[in-house]
Amino acid sequence: MSTRTADEIRAERLAKLGRALSAVLAVTAYALAWLVKRSWRRLLPVYWVAAELVVAWVAGPLGVSWQTVAILALAIAATAAGWRTRSRTVRAWRAAIAVVLGGCAVATVAAGGPAAMAAHPTWTIFVPTLAGVVLGWPWWYHLRQRPPQPEPTPAPAVADVPAETDPLTAHWQHRWEHEVLPAKVCEGTTLVQAVAPRPGVVEALVRLAPGTKPGPLVKTGPDVEVALDLDEGAVGWRNTGKRAWLRVIFVEQSYIAGGVPWTGPTYANGRFELARFSDGSPGHYVLTRPNFGVLGGLIVGSMGSGKSRALGALIANLLAAGVQVAVGDPQNGQSLPAWKDVVEYHSGVEATALLARRFHAEVMRRSKLLADAGVEAFDENDPRVKALGLSTFVAVIDECQLVLIPNTPIVGVVEQAAETMRKTGCALVLATQLPQMKSLGGSVRLRDALVSGNAFVLRLSNRGSGSTILPDDFVGDPFALPAEIDGKTTAGMGYLRNSNRVGMICRVPNLDEAAVAAASFRVPVRWQVPAVDPASPIVLAGHRAPAATAKTTTTTGGSAVDRLRAAFGGGRKSTVVVEQVTPATPAEWVLACLRRGPASAQALLDRPDCPVEQSQLYALLGRLKDAKKITPPAQRGGPWTLSA
């Protein structure tokens, strides 16, 4: 057994420690080299600033004079200016950054080095960093505009062979350059490739110039159609996932010109085909999304545009998916007569209004049940939802403009239900033939809540007055669709918003509503709330029910003495309680106020029970004046009075 001395053991330990330190230094050096290699292109100006700060910091402890630092800075600036590069501008830029940061290092060392940096960090640290950022901007801008590319390898010298040009691409490039761009449409774009996936349809890849935004381009579909003279076709845009590239679809021969046959329900995975795009692809209506809830929709179309056919295709697909459907028809059964005996049908304005109120109560009740069960978003496959016995429920209200009267409480009920229905498994689909905000009671919030799910806008014939019901970012021009194209009706043609092919014209399948309704499934509606009493007041969630106000009047003797006694509490007096019910509409409220005596508009607004805002009150007073029910004041700001 050999024995080792203390010196031998100490030497062995020092050798192991040396090997470990060497390994750590090697790994650190390798990591730093890898980091610099991977980041020097992006962080080169940052490295310049870091080098200047390090030199200024270590010059003091190492005893390096400012003259030595100045000589080092001059050598670096000369090297940067003389190093071979692509242009003199780059040489000047490198020399400038070396001179500026070198001057900062010399000044800091001359002022005391670390002591100066601790005493004046703004001048010694912040100013050089700011100078490095400003001088480094050309470098970063150069990388953003022209990313670095490897040097091209010289190709072997061969005879010039003309490159083969795709005839289809060349044809559409010529049309794009000579027909679209001269019309001041899609400026800043270049068509680079075109393919024909099917006869009559061409998909082209469009490249955007720097600074061109893709958002405004997707709204130029009708303008491109006019520029290319596509009378029977359509132009649609589709994103490619890259900001600088878009895909445009030209339909020269419309697939939907002769109509689309009905082949039955197509519900699958929360969506179904509601229409067929002009290039032959399906246009989906999205009912549900994973972990998102149920989506509503808005369908707009003039008389004879195929709106009832679209609602029929919608209801048939919903019933095929096992969805509970309730239909409200303010036209007393004339809007959707084929579905009277198939779904829960509410005929008439009063019955449709009660359906809207009951739908609101259903949404609030489901919200309470799902919240107590810990369900964040409705999912029929969730065991907790199944235990509650809840399933998807859709309320369809046709001709909603007959129910949603502006400045009436029913508008607030429908608005609140549409804003909160998504997570409860309920969806509301409104249909109207008037493209005005008055069709939705003037509620922009109601419009936005519905079109965030699905928006199907069929042919429109009259823009009407006031604000339009179309979304602000809607693509397409439904007002430009004529009644006929080459003798073929355009009924059922429109624009479906919920699709990645924004702006493509589509057509509803031509179905026999009576036959489809007879063959559809019967899904009974299971309400969680009882029917609404027509005499009950309309109460929004979070609001109190309007209570009847009581007015107490005191009757006393007619003489002056009796009135004096009554004022001081003396004499006999009798109390009569007269109940006054809150007026049903703002117009009735204004008339009731003016019956009590003349009042100015400001006095009406100052009342705590005023049901409208300032702009709505002035508009209401104008309508009542035009109807000759009230008399305007003699001077501005004066009292309004009832007409004789």
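Tutor: Start with a cut-off: buried means under 20% relative accessible area, and exposed means over 50%. Partly exposed lies in between. Keep in mind that this is a predicted model.

Student: Why is arginine 238 called buried?

Tutor: Its relative accessibility is 16%. The limit is under 20%. So arginine 238 counts as buried.

Student: What makes arginine 238 and glutamate 203 a salt bridge?

Tutor: A side-chain nitrogen of Lys or Arg must lie within 4 Å of a carboxyl oxygen of Asp or Glu. Here the N to O distance is 2.9 Å. The pair therefore meets the definition. Glutamate 203 is in strand β2 and arginine 238 in strand β3, so the pair ties together parts that are 35 residues apart in sequence.

Student: How do you know whether glutamate 203 is buried or exposed?

Tutor: Its relative accessible area is 11%. Buried requires under 20%, so glutamate 203 is buried.

Student: What makes lysine 184 and glutamate 187 a salt bridge?

Tutor: Their closest N and O atoms are 4.0 Å apart. The cut-off is within 4 Å. The pair is counted as a salt bridge.

Student: Why is lysine 184 called exposed, and glutamate 187 partly exposed?

Tutor: Lysine 184 has a relative accessible area of 65%. Exposed means over 50%, so lysine 184 gets that label. Glutamate 187 has 47%.

Student: What makes arginine 175 and glutamate 179 a pair about one turn of the helix apart?

Tutor: Both lie in helix α6, residues 167-180, and they are four residues apart.

Student: How do you know on which side of α6 the buried residues lie?

Tutor: The buried residues of α6 are Thr169, Trp172, Arg175, Trp176 and Val180. They cover an arc of only 130° around the axis, which puts them on the same side of α6. These residues pack against β1, β2, α8, β3 and β4.

Student: How many salt bridges does the structure hold?

Tutor: The structure holds 16 salt bridges.

Methods. Residues are numbered from 1 along each chain as its sequence is written. This is a predicted model: local features need pLDDT of at least 70, side-chain atom pairs count only at pLDDT 80 or more; totals for chains, interfaces and linings use all residues. Side-chain values use heavy atoms; hydrogens and water are left out. Helices (H or I, at least four residues) and strands (E, at least two) are DSSP runs, numbered from the N terminus. Buried means under 20% relative accessible area, exposed over 50%, partly exposed in between (1.4 Å probe, protein chains only). The arc is that of the directions from the helix axis to the C-beta atoms. Contact means heavy atoms within 4.5 Å.
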